[in-house]
Amino acid sequence: MPLPTEFVDRVEDELGEDQARRIVASMSEPKRIAWWVNPLRPCSSELLPTGRPLLGLSGVMTCAPSERQSVVRHPAAVEGGIYPINPSSVVAVLALAPLPGEEILDLAAAPGGKSILIAARMNNTGRLAAVESVRKRFLRMRANLQRCGVTMSKCYLDDGRNTGRKTPERFDRVLLDAPCSSEGRFRTDDADTTRRWRPRKVVETSRKQRALIDSAFRCLKPGGVLVYCTCTFALKENEEVVEWLLRRHETAELRPFHFDSVPGEEGALAGTLRIIPDDTFDGFFVAVIHKLAKCHGELAGAFAL
């Protein structure tokens with residue numbers, strides 16, 4: 001199944017022929033299976049699937065593509081001892097760098113994998129608010145967190161675009177893995193991955209992303225950290241959303257982020273990270289934004305979450 005011509009042409013135009021070639025080639029290659037070993041549900045190594053550690057990402061294991069079903073159906077996965085997750089998502093939590101005792105917001109949090117990693121890094125201490133707007137995804141997220149031993153979280157079925165108004169300047173750190181056009185997960189052997197993609201979807205999604213990132217930023221305390229990430233390649237959904245936030249808020253400052261253990265390159269906006277997909281990593285975009293001391297005109301209000 002060929003990739004949409006409009007997608008390929010746009011990636012070449014925005015990211016250059018070299019990155020476009022690597023991105024397109026990866027979408028035809030078998031993808032290794034990855035999972036994270038969950039310290040919140042410890043079990044002996046003899047009871048875990050067989051795999052090899054992924055260099056630079058502690059607790060992440062991988063195995064051959066043919067082993068997918070044996071991993072996702074493994075008793076350790078069913079009981080929460082491991083969590084199947086793409087390594088690119090782990091990088092987003094490392095960028096967030098949550099600390100025990102902090103108050104964290106995971107906005108658009110379903111299916112909950114990053115929330116579980118956050119709770120583990122915080123040793124289940126502090127507070128984690130996980131917000132999801134779609135009921136089916138919310139229920140799945142809540143079940144995943146319970147199965148994986150997360151005890152310091154509270155889940156909210158709500159539109160994340162409202163959260164900044166309800167809880168301004170409450171959280172030490174906010175993770176926004178924004179709904180996107182999911183271009184990083186396109187597969188030439190799976191027509192379902194591209195069937196609903198249209199250029200206009202990129203435009204429509206970017207509008208929602210701007211509302212979400214604005215809400216996420218308003219939730220931050222001064223001195224707090226916002227990680228914005230997506231699994232798409234479109235500048236309109238990535239760099240342009242971040243640039244829009246930086247123009248909108250005087251207290252928003254982009255801090256450079258890179259990670260040597262991934263097939264990544266700096267994004268079109270200096271300081272951002274673009275993960276180029278390969279046989280293990282999905283395509284991903286990460287930006288780290290700090291909130292500086294409060295300037296005149298920033299909004300505040302009563303807490304709700």
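Modeller: Start with helix α1, residues 5-15, and helix α2, residues 17-26: in this predicted model they pack with their axes 7 Å apart, at an angle of about 140°. Because of that angle, α1 counts as oblique to α2. If you're wondering why I quote two values, packed helices in general are described by the angle between their axes and the distance between the axes.

Now zoom in on who touches whom. From α1, the contact uses Val8, Val11, Glu12 and Leu15. From α2, Glu17, Gln19, Ala20, Ile23 and Val24 take part. Sort the residues of this contact by class and you get six nonpolar, one polar and two charged.

Next, have a look at the second largest pocket, with a volume of about 220 Å³. How do you find empty space like that? Rolling a probe the size of a water molecule over the atoms shows where it is left. This pocket is lined by 13 residues, and Trp36, Ser58, Val90, Leu94 and Arg121 are the ones that lie nearest its centre. Three elements, β1 (33-37), α5 (87-96) and α6 (113-121), each supply at least two residues of the lining. By class, the lining splits into nine nonpolar, three polar and one charged residues.

Between β5 (103-107) and α6 you'll find proline 111, and the peptide bond from alanine 110 to proline 111 is cis, with omega near 5°. Alanine 108 lies in the loop between β5 and α6 too, and its phi is near 60°, a positive value in a residue other than glycine. Why point these out? Because most residues other than glycine have a negative phi, and most peptide bonds are trans.

Finally, how far can you trust the picture? The chain averages a pLDDT of 94, and 96% of the residues score at least 70. Over residues 296-304, though, pLDDT stays under 50. Where pLDDT is low, the predicted coordinates should not be read in detail. For that stretch the model has 21 contacts beyond four places in sequence.

Methods. Residues are numbered from 1 along each chain as its sequence is written. This is a predicted model: local features need pLDDT of at least 70, side-chain atom pairs count only at pLDDT 80 or more; totals for chains, interfaces and linings use all residues. Side-chain values use heavy atoms; hydrogens and water are left out. pLDDT is the predictor's confidence in each residue, from 0 to 100. Contact means heavy atoms within 4.5 Å. Axes are lines fitted to C-alpha atoms, for helices over the stretch in contact, and angles run from 0 to 180 degrees between N-to-C directions. Helices (H or I, at least four residues) and strands (E, at least two) are DSSP runs, numbered from the N terminus. Angles under 35 degrees count as roughly parallel, over 145 as roughly antiparallel, 65 to 115 as roughly perpendicular and the rest as oblique. Ala, Val, Leu, Ile, Met, Phe, Trp, Tyr, Cys and Pro count as nonpolar, Asp, Glu, Lys and Arg as charged, and the others, Gly among them, as polar. On a 1 Å grid over the protein atoms alone, a cavity is a set of points where a 1.4 Å probe fits but cannot get out, and a pocket is an open set with protein on both sides within 12 Å along at least five of seven lines; lining residues have an atom within 4 Å of a point. Grid points are joined across faces, edges and corners, and a volume is the space filled by probe spheres set on the points.
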